[in-house]
Amino acid sequence: MVRMDTPDAVMARIAQGQELAVAGDRECARRIFEKVWDALAGPGEDTPDPLHVVTLAHYMADVQTDPAEELRWDLRALAAADSLTDERAQEHHSSLQVAGFYPSLHLNVAASHHALGQSSEARHHLDRAAQSCEHLAEDGYGRMIRGAVERLRAELDAATVGPWGQSECRAQHR
């Protein structure tokens, strides 16, 4: 469950959906997230709160079955983070800093690009994720994200190595 310093019905509803996703009910989670998104982005609504958008889009990406849709939601989360302030994030939880969002957001964008076979874009976002890891604490979450960055880097590197251990690009030019 997401701990909240102040009550926020939207974040509470997103947390309910995320709990379902973690429990394996991705379809029900997706339906909850869709309803929240419709309420946030509906006609006549003000500009949605960037904290709501980044959180919802981040979790919505994880329950997609189509890699292109996953990338679309990942990019939406990344864009929303660019307009989020530390002050707004800390209204939700006093420990949050926007800089700490970027390693995970860029990692997810990189993984989505990789799933779509877009190696150059994947490497670009993976490099951004690695660079922004300096903003993570040396705790379980920080280790998890750093480890995931290294695993994806190894996966991308392995995908470019030919049968004789050479980069496919170098092998083609010999």
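Biologist: In which helix of this predicted model is A81 found, and why is A81 called buried?

Modeller: A81 is found in helix α4. Its relative accessible area is 1%, and the term buried applies under 20%; A81 is therefore buried.

Biologist: Which residues does A81 touch, leaving out those up to four places away in sequence?

Modeller: A81 touches V54, V98, Y102 and L105.

Biologist: How do you know how α3 and α4 are oriented relative to each other?

Modeller: The axes of α3 and α4 cross at roughly 155° and come within 8 Å. Angles over 145 degrees count as roughly antiparallel, so α3 is roughly antiparallel to α4. The crossing itself is left-handed.

Biologist: Which residues form the contact between α3 and α4?

Modeller: From α3, the residues are P50, V53, V54, A57, H58, M60 and A61. They meet E70, W73, D74, R76, A77, A80 and A81 in α4.

Biologist: Where is Y59 found, and what does Y59 touch beyond four places in sequence?

Modeller: Y59 is found in helix α3, which covers residues 50-62. Its contacts beyond four places are I14, Q18 and F33. Y59 and E70 are 11 residues apart in sequence, and their C-alpha atoms are 9.8 Å apart in space.

Biologist: Turning to the other partner of α4, what makes the pair α4 and α6 roughly antiparallel?

Modeller: Helix α4 (residues 67-82) and α6 pack at an angle of about 155°. The cut-off for roughly antiparallel is over 145 degrees, and the two helices are therefore given that description. Their axes are 9 Å apart, and the crossing of α4 and α6 is left-handed.

Biologist: Which residues of α4 and α6 meet?

Modeller: On the α4 side these are P67, E70, L71, D74, L75, A77, L78, A81 and D82. On the α6 side they are Y102, L105, H106, N108, V109, S112, H113 and A115.

Biologist: H113 is among those residues. Is H113 buried or exposed, and how do you know?

Modeller: H113, whose place is in helix α6, has a relative accessible area of 9%. Since buried means under 20%, H113 is buried. Leaving aside neighbours within four places in sequence, H113 is in contact with L71, Q118, E121, A122 and H125.

Biologist: What residues bring α6 and α8 together?

Modeller: P103, S104, L107, A110, A111 and H114 in α6 meet α8 through Y141, I145, A148, V149, L152, E155 and L156.

Biologist: What makes A137 partly exposed, and where does A137 lie?

Modeller: A137 lies in the loop between α7 (119-132) and α8. Its relative accessibility is 43%. Buried requires under 20% and exposed over 50%, so A137 is partly exposed. A137 touches G142 and R146 when residues up to four places away are not counted, and its C-alpha atom is separated from that of G100, 37 residues apart along the chain, by 8.7 Å.

Biologist: What is the secondary structure of the protein chain, and what share of its residues is buried?

Modeller: The chain comes to 9 helices and 0 strands. Of its 174 residues, 41% are buried. Among contacts with a separation of 6 or more, 55% are between residues 24 or more positions apart.

Biologist: Which elements have the highest and the lowest mean pLDDT?

Modeller: The highest mean belongs to helix α6 (residues 102-115), at 98, and the lowest to helix α9 (residues 168-172), at 41. Over residues 166-174 the pLDDT is below 50, and this stretch has 11 contacts in the model beyond near neighbours in sequence. Residues 1-6 also stay under 50, with 13 contacts beyond four places in sequence. Where pLDDT is low, predicted coordinates should not be read in detail. The chain as a whole averages 89, and 87% of the residues score at least 70.

Definitions and conventions
Residues numbered from 1 in each chain as written. Predicted model: local features only at pLDDT ≥ 70, side-chain atom pairs only at ≥ 80, totals over all residues. Heavy atoms only, no water. Helix = DSSP H or I, 4+ residues; strand = E, 2+ residues; numbered from the N terminus. Contact = heavy atoms within 4.5 Å. pLDDT = per-residue confidence, 0-100. Buried < 20%, exposed > 50% of the residue type's maximum accessible area, 1.4 Å probe, protein only. Axes fitted to C-alpha atoms, helices over the stretch in contact; angles between N-to-C directions. Parallel < 35°, antiparallel > 145°, perpendicular 65-115°, else oblique. Left-handed = near helix turned anticlockwise from the far one by under 90°.
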